[in-house]
Amino acid sequence: MFTNADGRVESAKIITSFTGKSANPFSTVHSRLLSHLDPKLLRAATIAEERANAHSKSRCWRYVKEALLASGAVTSYPKTEFARQAGSELVSSYGYTRLAVRDPYQAPIGSVLVYGSGRAAGHVEIRTAHGFVSDFRSPTPSKRPLIGVYAKISG
């Protein structure tokens, strides 16, 4: 039993077994979206993981740029200097799409997550099967405000 937002006492269904199917509405959207992502993004995630350090070198956008270029997910080395500018450049120069994802954990594997606030340089990372990676690996996303999640949709 719990008290809901209206102050009423309600009960919740207790799950006693798991069938492997999720009732989460994002899972269907996520799997449908994943099937339309450019496969080069998955390769970029793998390359980024292979090249990442245990700790930050304060070079997140450089490492992500290099992984995207090495995988063929971008056709030339991105020109923007700051991580917070990554999303707008990926959209305007490389055909990426800003996804309607607000939770980094719901971002498809291979998507690029851009963070920033104020005048700071920001942060950028790639979603992987194991967490998040830029110039370093992390099981959790950045604590900075999320600007957007970007991916290239294959045609």
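One more: helices (H or I, at least four residues) and strands (E, at least two) are DSSP runs, numbered from the N terminus.

Now, what are we looking at? This is a predicted model, where local features need pLDDT of at least 70, side-chain atom pairs count only at pLDDT 80 or more, and totals for chains, interfaces and linings use all residues. Residues are numbered from 1 along each chain as its sequence is written, and side-chain values use heavy atoms, with hydrogens and water left out.

The big picture, then. The chain has four helices and eight strands, and from the N terminus the order is β-β-α-α-α-α-β-β-β-β-β-β. Of its 155 residues, 39% are buried.

Let's go to strand 5. How many residues of strand 5 are buried? Six of the six, so strand 5 is largely enclosed by the rest of the structure. You can see this on both faces: His123, Glu125 and Arg127 are buried on one side, and Val124, Ile126 and Thr128 are buried on the other.

Who sits beside it? Here I need pairing: two strands pair if DSSP finds at least two bridges between them. Strand 4 and strand 5 run antiparallel and are joined by four bridges; tyrosine 115, for instance, has histidine 123 in strand 5 as its bridge partner. Strand 5 and strand 6 are antiparallel too, with three bridges, and threonine 128 has glycine 131 in strand 6 as its bridge partner. Strands 5 and 6 make a hairpin, with two residues between them.

Next up, helix 3. Helix 3 covers residues 60-71, so to speak 12 residues, and reaches 17 Å from first C-alpha to last, close to the 16 Å expected at 1.5 Å a residue (the expected span is 1.5 Å times one less than the number of residues). Which residues of helix 3 are buried? They are Cys60, Trp61, Val64, Lys65, Ala67, Leu68 and Ser71. Those residues cover an arc of only 165° around the axis, which puts them on the same side of helix 3; the arc is that of the directions from the helix axis to the C-beta atoms.

What does that side pack against? The buried residues of helix 3 pack against helix 2 (39-51), helix 4 (86-94), strand 4 (112-115), strand 5 (123-128) and strand 6 (131-133). Contact, by the way, means heavy atoms within 4.5 Å. Just past the helix, glycine 72 has a positive phi of about 85°.

Last stop: proline 78, in the loop between helix 3 and helix 4. Is proline 78 buried or exposed? At 2% relative accessibility, proline 78 counts as buried. Leaving out residues up to four places away in sequence, proline 78 touches Trp61, Lys65, Glu89 and Tyr94.

That's my tour, thanks!

Definitions and conventions
Buried means under 20% relative accessible area, exposed over 50%, partly exposed in between (1.4 Å probe, protein chains only).
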